[in-house]
Amino acid sequence: MDDLLIRPAETDDVPAIVAMYADDPLGAHRETPDDLAPYLAALKRLTDDPNQHLMVAERSGRVVGTLQLTVIPGLSRRGTTRSVIEGVRVHSAERGGGLGSRLIRWAIEESGRQGCQLVQLTSDATRTDARRFYERLGFTASHIGFKLQL
C-alpha cells in the first residue's frame, strides 16, 4: 500500500469514479457512465465549495478508490462541526486488500484536521458487508436514516 496516493479528484478522474459507482448492484441502475456531463457539473460545484472534499485513491497512476467528505458546521451539540462520508467505492480489483479501511481512516483524520467532533455516514440497508466493515472501523449504527426522493 505504500504506493497509494489519496488526493483531491480532478476532471480527468471522473470517468474512473463514475465507473466505480456503476460497478455495484445499486449503482448499476443509478449511474450513467456514458453521459459524464452531470458528473462534471457536480465536480465543479464540489471543487468550488471548501467544505467538500471529493477524493480519489491512486495507485500507479490509476484511480482505484474514491470517497466524498463533507464538513458541516452546526449549532446543535454545542456548536459541533461534523463530517459526513459519502460515496465510498473501491475498484473491484482492489477489494479486500485494506484500501477501504485506508480511505476511511484518511477521512477520519481529515475530519479531525478540519475541526470536526463527529464523523457520520450512511450505508444502504441492503449492504450487510458494508455495515460490518464500518462497525469494524468503530462506527455504530445509532440512528435510522430517511430519504425523500425529489
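Student: Which residues have the most contacts inside the largest nonpolar core?

Tutor: In soluble globular proteins, nonpolar side chains tend to be buried together. A nonpolar core is here a set of buried Ala, Val, Leu, Ile, Met, Phe, Trp, Tyr and Cys residues joined through side-chain atoms within 4.5 Å, where buried means under 20% relative accessible area with a 1.4 Å probe, protein chains only. In this predicted model, local features need pLDDT of at least 70 and side-chain atom pairs count only at pLDDT 80 or more, while totals for chains, interfaces and linings use all residues. Residues are numbered from 1 along each chain as its sequence is written, and side-chain values use heavy atoms, leaving out hydrogens and water. The largest core has 18 residues, and those with the most contacts inside it are L67, I85, L99, I104 and Y134.

Student: Which element gives the largest share of this core?

Tutor: Helices (H or I, at least four residues) and strands (E, at least two) are DSSP runs, numbered from the N terminus. At least two core residues come from each of β2 (52-59), β3 (62-72), β4 (82-90), α5 (99-113) and α6 (128-136), and α5 supplies the largest share, five residues. Apart from this core lies another, of twelve residues, including I17, Y21, L46 and L54.

Student: What is I104 in contact with, leaving aside its neighbours within four places in sequence?

Tutor: Contact means heavy atoms within 4.5 Å, and with those neighbours left aside I104 touches L67, I85, V88, F133, Y134, L137 and F139 in this sense.

Student: How many helices and strands does the protein have?

Tutor: There are six helices and five strands, following the pattern β-α-α-α-β-β-α-β-α-β-α along the sequence.

Technical notes: Buried means under 20% relative accessible area, exposed over 50%, partly exposed in between (1.4 Å probe, protein chains only).
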